[in-house]
Amino acid sequence: QVQLVESGGGLVQAGGSLRLSCAASGSIFRLNALGWYRQVAGMQRESVATITSGGTTDYADSVRGRFTIFRDNAKKTVYLQMNSLKPEDTAVYYCNLETRIGRVGPGDYWGQGTQVTVSS
């Protein structure tokens, strides 16, 4: 059974930075794509950034150049470094693990979510 536990959210002023972490338990990780998604109340969950097992990354246009996704397979952890934060980045952020080899996601496994609030 896979569990994902996120940490690192919080309140930050516009222009500031936060780093989110997502630690995975279970036997799978190295071969799986991972992603960060976010959701604002009343809106659909959207993809923020994904990273394949080979390290290929992709970003939403709204965060490209400001956010960086990276992974540490030895620690079974995926990170989202968020710089130059804007009020519109405020959302609950979820990490996701894709179990289907070769697929980018989203897969079936989600973390519990962590709140990021950016004040203006």
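Tryptophan 110 is partly exposed, with a relative accessible area of 31% (buried is under 20%, exposed over 50%, partly exposed in between; 1.4 Å probe, protein chains only). Tyr37, Tyr94 and Trp110 form one aromatic cluster. This is a predicted model: local features need pLDDT of at least 70, side-chain atom pairs count only at pLDDT 80 or more, and totals for chains, interfaces and linings use all residues. Residues are numbered from 1 along each chain as its sequence is written, and side-chain values use heavy atoms, without hydrogens and water.

**Aromatic pairs**
- The whole structure holds three aromatic pairs (Phe, Tyr or Trp rings, the six-membered one for Trp, with centres within 6.5 Å; planes under 30 degrees apart are stacked, over 60 edge-to-face, the rest tilted).
- Tyrosine 37 and tryptophan 110 are edge-to-face, because their planes stand at 70 degrees, with ring centres 5.1 Å apart.
- This pair links distant parts of the chain, 73 residues apart: strand β4 (residues 34-39) holds tyrosine 37 and strand β10 (residues 109-110) holds tryptophan 110. Strands are DSSP runs (E, at least two residues), numbered from the N terminus.
- Tyrosine 94 and tryptophan 110 are also edge-to-face, with planes at 90 degrees and centres 6.4 Å apart.
- Tyrosine 94 lies in strand β9 (residues 91-97), so its pairing with tryptophan 110 in strand β10 ties together parts 16 residues apart in sequence.

**Burial of the tyrosines**
- Tyrosine 37 is buried at 6% relative accessibility.
- Tyrosine 94 is buried, at 15%.

**Charges over rings**
- Arginine 45 lies over the face of tyrosine 94, 3.7 Å from the ring centre (cut-offs: NZ of Lys or CZ of Arg within 6 Å of the centre and within 35 degrees of the ring normal).
- Arginine 71 lies over the face of phenylalanine 29, at 5.0 Å from the ring centre.

Definitions and conventions
Helices (H or I, at least four residues) and strands (E, at least two) are DSSP runs, numbered from the N terminus.
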